[in-house]
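Below is a short report on one structure. Have the sequence and the model open while reading.

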Amino acid sequence: MSASQETLIKDFGKPSFWSTLTPFDWLWAALAASGAAYVLYRYGAVMDGYETGILVGVTPLLIATGWYWKPFRVFGLAVAALSLSSVWLYGAQLANAETNFFLQYLLASQSAVMWMSALFILATLSYFISLFARSDYAGQIATTLTWSAAAAGLIGLLVRWRESYLIHPDVGHIPMSNLYEAFILFMLITALLYLYYERRYQTRALGAFVMLVVSAALAFLLWFTFDRAGHEIQPLVPALKSYWMKIHVPANFIGYGAFSLAAMVGIAYLLRERAERVNPQGVFATRLPSLEIMDNLMYKAITLGFGFFTLATVLGALWAAEAWGGYWSWDPKETWALIVLLNNAAWLHFRFTKGWRGAPMAWWAVGGLLVTTFAFMGVNLFLSGLHSYGSL
Amino acid sequence: MSTAIPSARRSAGAWIEFLGSMNLAITLLAALAVSSVVGTVLQQNQTYESYIIKFGPFWFEVYKALGLYDVYSAGWFVFVLGFLLVSTSLCVYRNAPGFVREMRDFRLQHSARSLRACAQRAEWTVAAGAQALSAPLENYLRARGFRVRIKPQGAGLLLAGMKGAVSRLGYILAHVAVVVICVGGLLDGNLPLKIKEWRGEVRLETKPGILIADVPQESRLPASNRSYRGSVNIPEGMSTRDIILRVRDGYFVQALPFEIHVKDFRTEFYDNGQPKSFESDLVLTDPERGQPLEQTISVNRPLFYKDFAIYQSSFKDGGSRLALRARLLGGGKAISMEGVVGGRYTLNAPGGVLTLELTDFRLHNVKSAPPGSGKKFVDIGPSFIFKLRNEKGEALEFENYMLPLEQEGRAFFLSGVRSNENMPFSPFRIPADAEGGVEGFMRFAGALRDPAQRAKAAEHVASAGPSGARTLGETARELLERFAAGGFAAAREYIRTKLASLSGEQREQVARAYGALLQDALQALYANLDLAQVADAERRQQFFQDAVDALGALPEYGAPLYFELADFNQLQASGLQVTRAPGKSIVYLGFGMIVIGVFMMFYLPQRRVWLVLSEEDGRTRVLFAGASNRDPLGFAREFETLRDGLTERLTKL
Ligand code: HEM
């Protein structure tokens, strides 16, 4: 008996996590690790301790993300391959962007961003088609387009990073310093967050709504590029020359992205909620995920946003302590970050402890987008302060 | 009496109830958010003048009373903050014990009946004894991250599993963090100073631009002060023991317990002129420390010492020495003088006594390069900025460049003029002479001012002219006189009066004749100067034209003098910010707690599962149930996988 008991116990156990990893998982890990190792070997000399720390910290995160969210591996490898080939095509000559066919039409930062724009527009259209024409095929296309757009955007940023160094080693910096770069980052992260939840919740019906925000951002980006030449790479002001930027800014944009996602799901929620009363046979009532799922998704997105925005604000304070001489100066930007946090804290408490659900919370999430948007752009446009780097 | 006590206790309880209540918490969170907005839309800590201009006297007073010019230390704002503090503390005080208990409590009192109420449920009947099943099932749960407790229950067993109990810990961390952060922030805030001010122990100094040494004792804060954040400009090679704390429309002088000496200050610029980096070599001498502490600081690389931090925040001119040559625009010799940026000097000019205020010196002036020059930017060299003030106190501001600037292939000395700070400088161009200096132009200007020379030039024109030359010479002289006095404008005016009698197209001709006459007269005047000349006749003519243009515009220049920068010795001042923040480490602790706590709450939700094994004649009924404190859908999904796993294994038995 006892022997069989042994096997029985074993059988009720669980295969170890490691044994669940596929060869592709290991390939991904190997490539990510060796990439990081190469960067250390090649540029270690010019990186300061913090930058090395960031790199060493980010690599496992990257690997884990790929393991936890499988499609991300393909995305990551594609982006890496294309960005590297772009860097290779550039060599040491910025001018190659004019002469080399692939750079000119595909892989130069500006071209990649233009591809991103086109793909995002197409993705938005496809999502709408799939929603209203009730076509799953269009939905699949939309998903692919969104992935490609995100890839193009990330490539654009990475290559821009390289280009800034080609302009002049002094000018070189990570592309997170002005509104143009911020907007690409925002679209990219919002899209990726959406893609994650799309897979998690097995529904494409929300794509149309989320892509609306992205398209709005895109409209601004294009205006900013063509009207204000916002895409030109400018040297950094001394205050921005800090490793903090490399972690503070991304954390912020995960926050912004998640909050906008929540708001757009909120809109979808309200539409379905109404449709169920008005015409139960309509697209909104039939194609959109159930109210319960959307409510849950809204909550998930806001918690994600709250977590990262808290982190970002804290990092911002630590940075401010080094650059401005105090961890908190009530500068408009940081104050608005606090406002965003307080607003969402109130939201979470309402929902969590009063058990509120449904339309009011959805309206609140949508309203929250206005607050977030103001913190993101309004401050730069209308208020003056220490943060006036990313101003128009 | 006897009833008073319990009722009092009850009311105290009611207070705690209210203060720790969620409704209040949410109200406070919202209130704080809204009041924070005020300080961002209304620029804080500007001068009262600017506010009066913005809002007018009435609203200025209203806003002042509301403390809107420094919202974040206004009484009512601090009150709301304190309120949230109390509320959060009480909330933790009320919830924490329960949560901690809950973290240990596996809810072993549950029975099959009570568990059938759970949303997540599954049941199996298995041909095996409860005892035999318990070990495998325990392992099943443990392998999936649950802590497990087992309790015999009637003719069977209860296995209780729990996961993510730390989410409760997260709650405690995050909320205590809120309190910790506020307390730390309070330590670093200016509340003590406010109280001192309010009790009248200190007085805010509002006189602008007086020397630190002259600030009265009642506006000085002792080095013992625990927390502050001030700034100071220290010229290279100088030291300070005092810093300035800007408050509302004035400032205090804060004494430091140590001396800061700026040994050297360096700036680097990008080739578009934008500052790339600036850094200072500091020497900090603290009697308590013995040997001085030397360190180089730059933006983002401050010097930390005890609970002080010294930051590189800006730079300005620290009193550069300028060697100037003042030239009367009516000719005469150049007067050499020495000046220091920041200094004032009185001069006896023809128009009366003038005060020269040297306000700034710029070593580099980067402008976008003329197209086709290949480069994108050029540095057109040093310039200095000054004000000329007359007895009435009216001032004009000037920016003069040291080196001549190439324009349309000719060299000019630029001097910008403006009557107020918000206007751009309007340029006045003096053509460089054959030696590349202003001498030639100055002599020309001198000659024009000199009646004798004007007469001589008029003679010359007359003699060269046709018969009736008498009036011609006369006219030429008058023209020159007007031109000398009022430039082009005056000359034009003079001609207009002369033409009054004539008819339309006659005017045209005669006007042109007058123009030509003035031109000739100036030409003659110029010829008499016998300046050193360049060989190329065209260039010579070009210089003459440019000079005439400058002379014609001279009256608008507004100053009887032109200042040349002969030599300079730049001295920069390093703008430092000195912070004393004893609460910093506390705040940082809070930061750590809130981040960790929040992520714990969100991503380690508490999940409980129960397995009730009830044995009836050799067969065992297995009831599986679960519950979570957060994210029902997420848990439902997790429960399904757990359930399917069990189904697969149990049905094999
Ligand atoms: C600035 C102040 C505060 C912040 C930033 C904050 C933040 C948070 C966050 C992020 C959560 C998680 C919500 C969720 O998981 O959906 C939470 C939960 C909670 N908060 Fe607050 N909170 C604050 C003030 C308060 C106050 C004043 C109270 C007292 C009424 C309170 C009571 C609670 C309770 C009871 C929970 C649920 C904890 C649990 O069961 O896991 N919070 N808080």
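## A serine in a loop

A polar atom in the side chain of Ser227(B) lies 3.2 Å from the backbone oxygen of Gly189(B). The model is predicted. The side chain of Ser227(B) also reaches the backbone oxygen of Leu187(B), at 3.2 Å.

Ser227(B) sits in the loop between strand S4 (220-221) and strand S5 (228-235) of chain B. Is Ser227(B) buried or exposed? Ser227(B) counts as buried because its relative accessible area is 9%, and the cut-off for buried is under 20%. Leaving aside neighbours within four places in sequence, Ser227(B) is in contact with Leu187(B), Asp188(B), Gly189(B), Arg580(B) and Pro582(B).

## The iron site

Which residues coordinate the iron atom of the ligand? They are His349(A) and His175(B), each through NE2, at 1.9 Å. This pair crosses between chains. His349(A) belongs to helix H14 (residues 332-354) of chain A. His175(B) belongs to helix H7 (residues 166-188) of chain B.

Ideal angles for six octahedral donors are 90 or 180 degrees.

The ligand lies between chains A and B. An oxygen atom of the ligand is 2.9 Å from an N or O atom in the side chain of Tyr299(A). The coordinating histidines also come up here. A nitrogen atom of the ligand is 2.7 Å from a side-chain N or O atom of His349(A). On the chain B side, a polar side-chain atom of His175(B) lies 2.7 Å from a ligand nitrogen.

## The shell around the ligand

Several helices give two or more residues to the shell. From chain A these are helix H13 (291-323) and H14. From chain B they are helix H2 (22-41), helix H4 (75-104), H7 and helix H14 (584-603). Which element gives the most? H4(B) does, with six residues.

In total, 24 residues surround the ligand. The closest are His349(A), Cys91(B), Arg168(B), His175(B) and Arg630(B). By class, the shell has 14 nonpolar, eight polar and two charged residues.

Key. Residues numbered from 1 in each chain as written. Chains lettered and ligands numbered in written order. Predicted model: local features only at pLDDT ≥ 70, side-chain atom pairs only at ≥ 80, totals over all residues. Heavy atoms only, no water. Donors = N, O, S within 2.8 Å, 3.2 Å for Na, K, Ca; no water. Helix = DSSP H or I, 4+ residues; strand = E, 2+ residues; numbered from the N terminus. Buried < 20%, exposed > 50% of the residue type's maximum accessible area, 1.4 Å probe, protein only. Polar contact = N/O pair within 3.5 Å; in protein donor to acceptor, adjacent residues only side chain to side chain. Contact = heavy atoms within 4.5 Å. Near = heavy atom within 4 Å. Nonpolar A, V, L, I, M, F, W, Y, C, P; charged D, E, K, R; others polar.
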